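Here are some notes for a colleague who is opening this structure for the first time. Please read them with the structure in view.

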Amino acid sequence: MQFTLNKQEKYTVFKLQEEKLDSSVAPKLKTEFFTLYQSGMVNLIFDMSDIKYVDSSGLSSILVAKRLSEQINGFLALAAVSEHVMKLMTISKLDSVLNIIPTVEESVDAVFMAELERDIKENEKNSN
């Protein structure tokens with residue numbers, strides 16, 4: 001499995017450099033997600049620009065990342081999802097539960113907005 005990581009202070013961009021996210025890649029991807037979240041990462045941008053095909057095991061790996069992110073009150077963005085993959089996500093109703101954002105740049109903005117919202121909620125909770 002080929003991928004790149006771009007770690008920043010507030011987020012990490014994970015780019016899977018594979019055309020297929022299927023049963024041959026998904027288990028390794030899940031392991032990588034676990035490792036990233038255990039290392040202290042909070043916000044993940046999953047750059048899917050190279051991915052042209054996803055099967056059910058690939059969708060499962062994305063849902064693992066979503067669950068891990070929610071457990072730590074983090075933010076997961078899926079960036080640059082291809083038209084074919086988007087159709088599958090829409091059919092399986094995942095488009096309503098995942099943060100699917102057109103570009104990595106817009107995903108970075110979404111991460112900062114999520115961070116602001118978390119800070120505001122935390123401040124409100126602490127002031128009550």
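1. Helices (H or I, at least four residues) and strands (E, at least two) are DSSP runs, numbered from the N terminus. Ser107 lies in helix H4 (residues 104-127). This is a predicted model, in which local features need pLDDT of at least 70, side-chain atom pairs count only at pLDDT 80 or more, and totals for chains, interfaces and linings use all residues. Residues are numbered from 1 along each chain as its sequence is written, and side-chain values use heavy atoms, with hydrogens and water left out.

2. An open sheet of five strands runs in the order S1-S2-S4-S6-S7, with mixed pairing; two strands pair if DSSP finds at least two bridges between them. Strands S1 (3-7) and S7 (99-101) are at the edges with a single partner strand each, so one side of each has no neighbour in the sheet.

3. S4 and S6 pair in the parallel sense over five bridges. Ile45 has Ala77 in S6 as its bridge partner.

4. Is Ser107 buried or exposed? Ser107 is buried, with a relative accessible area of 0%; buried means under 20% relative accessible area, exposed over 50%, partly exposed in between (1.4 Å probe, protein chains only). Leaving out residues up to four places away in sequence, Ser107 touches Ile45, Ala77, Ala79 and Ile101, where contact means heavy atoms within 4.5 Å.
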